[in-house]
Amino acid sequence: MNATNDIYALDALCDLGNTRKESPVGGPWQDSTRVGGHLMRIELDQARCEGHGLCEEAAPNLMHLDDDAELIIDVPEVEGDDLAKAQAAVRVCPVAALRLA
Ligand code: SF4
């Protein structure tokens with residue numbers, strides 16, 4: 001066997017079971033790594049929350065303060081643009097009462 005044959009043999013071995021190479025764009029293996037495609041959950045630590053409302057200003061479509069200054073998460077699961085707003089809300093909270101999981 002010469003070097004060229006070795007390369008062909010290795011190439012054939014690499015193709016065995018290699019579905020990724022043959023998967024169409026957007027196949028299942030790509031979905032799990034799609035940027036911005038993950039649903040994330042907004043979690044509130046009610047005991048920490050002091051009702052500043054800065055998070056509401058950052059993401060008014062996702063959360064609001066009620067009449068008693070209790071934060072209500074209106075959209076608990078977010079992705080895409082809403083995820084970016086939720087991340088901003090987490091960042092501005094002065095007492096770290098919000099997180100994304
Ligand atoms: S910014 Fe933080 S402390 Fe203020 S309402 Fe939002 S979660 Fe609560």
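Predicted model: local features only at pLDDT ≥ 70, side-chain atom pairs only at ≥ 80, totals over all residues.
The shell around the ligand comprises, by class, eight nonpolar, three polar and one charged residues. These residues are Cys49, Glu50, Gly51, His52, Gly53, Leu54, Cys55, Leu71, Cys93, Val95, Ala97 and Leu98. The chain has an average pLDDT of 77, and 63% of the residues reach a score of at least 70. For residues 1-5, pLDDT remains under 50, and the model shows one contact beyond four places in sequence for this segment. Residues 7-36 likewise have a pLDDT under 50; for this segment the model contains six contacts beyond four places in sequence.

Helix α5 is formed by residues 80-92. Within α5, the residues Leu83, Lys85, Ala86 and Ala89 are buried. Viewed down the axis of α5, the buried residues lie within an arc of 160°, and they therefore line one face of the helix. In an α-helix, residues three or four places apart point the same way because there are 3.6 residues a turn.

The buried residues of α5 are covered by elements including β1 (40-44), α4 (54-58), β2 (63-65), β4 (77-78) and β5 (98-100). On the face of α5 turned away from its buried side, the exposed residues Gly80, Asp81 and Arg91 are found.

Technical notes
Residues numbered from 1 in each chain as written. pLDDT = per-residue confidence, 0-100. Contact = placed C-beta atoms within 7 Å. Helix = DSSP H or I, 4+ residues; strand = E, 2+ residues; numbered from the N terminus. Expected span 1.5 Å × (residues − 1). Buried ≥ 20, exposed ≤ 12 C-beta atoms within 10 Å, placed from the backbone. Arc of directions from axis to C-beta. Near = placed C-beta within 6 Å. Nonpolar A, V, L, I, M, F, W, Y, C, P; charged D, E, K, R; others polar.
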